[in-house]
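Subject: Structure for you to look at

Hello,

Here is the structure I said I would pass on. Please look through it first, then read the notes below it.

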Amino acid sequence: MHKTELKPTVTLTSATVDKMSRHDMLEWVNSTVHGQHKKIEELCSGVAYCQMMELLFPNCIGVKRIKTTAKLEHEFLYNLKLFQAAFIKLNFDKSVPIDRLIKGKFQDNFEFLQWFKKFFDTHSAGKENLRVPAAIAAAAQNAPKPIKKPGSQTLGNAKASPTAPTAKPDTLKTPKGAQPQGERQVSPSTIRTLQETQEQLAEQILSVEHERDTYYKKLAEIEVILNESVQNNIYVEWCNRALTILYATDDTPPAAVDDLAEEIMPALSLETDI
């Protein structure tokens with residue numbers, strides 16, 4: 001299989017990139033992918049990075065695999081994983097700081113964007129009019145914004161609107177149009193019940209998030225082992241098939257999983273006999 005020869009990121013563009021403001025960088029991203037990103041923090045979705053990698057190295061990711069309408073953290077993670085896998089596929093030694101990017105903080109995303117701009121400039125030399133086709137970018141333009149996590153700000157750390165009305169938890173006003181009967185007081189027992197329910201839901205959310213993070217760490221460790229095996233030419237075909245399943249989308253046919261299971265069982269039996 002022919003391997004793409006990647007060049008180390010040159011330093012000649014460093015001075016130019018370092019002088020670019022956040023607005024300049026954002027304008028460059030939007031013009032390249034026909035995007036409508038309004039903040040650097042929104043790049044945490046990984047969509048723009050995947051699209052720009054496809055421009056530089058076609059089929060290194062696969063346009064159809066990118067979740068262009070990503071709005072949840074696990075969808076951001078999926079896209080950033082695809083982005084990281086592209087570097088591995090191209091044999092380019094670069095570790096994408098996924099754990100930092102996915103938090104949607106400005107500084108982490110801006111610093112990485114500066115590096116990627118240098119990488120893009122280096123490998124786009126000689127390639128004219130590198131732009132995502134408008135038809136492909138249309139879905140990304142309609143992508144919803146990141147939603148809020150329970151008990152936290154948005155991923156972009158946006159401040160809550162100071163003009164947002166504050167609800168009164170202790171009274172229920174008469175609906176408009178109904179016969180006025182004054183304000184009804186909510187009993188203390190009802191308030192306590194609501195507070196207990198809120199606390200229970202918060203605990204359940206924390207439990208689910210903890211379980212999610214636990215399984216994610218296990219999958220991340222498995223991914224590292226598989227990639228190391230591929231790099232060391234150990235069970236390369238088997239590991240690549242496993243990685244394909246690991247990065248599969250919801251519409252991937254289940255046949256791939258069944259085929260892999262048929263290969264795993266004889267291998268396990270052989271190890272047991274030994």
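Read along the sequence, the chain runs α-α-α-α-α-α-α-β-β-α-α-α, which amounts to ten helices and two strands. Helices (H or I, at least four residues) and strands (E, at least two) are DSSP runs, numbered from the N terminus.

This is a predicted model, in which local features need pLDDT of at least 70 and side-chain atom pairs count only at pLDDT 80 or more, while totals for chains, interfaces and linings use all residues. Residues are numbered from 1 along each chain as its sequence is written, and side-chain values use heavy atoms, without hydrogens and water.

The mean pLDDT (the predictor's confidence in each residue, from 0 to 100) is 75 for the chain, with 63% of residues at 70 or more. Over residues 142–164 the pLDDT is below 50, and this stretch has 35 contacts (heavy atoms within 4.5 Å) beyond near neighbours in sequence. Residues 268–274 also stay under 50, with zero contacts beyond four places in sequence. Where pLDDT is low, the predicted coordinates should not be read in detail.

After α8 comes Asn-233, with a positive phi near 60°.

Of the chain's 274 residues, 34% count as buried.

Regards

Notes. Buried < 20%, exposed > 50% of the residue type's maximum accessible area, 1.4 Å probe, protein only.
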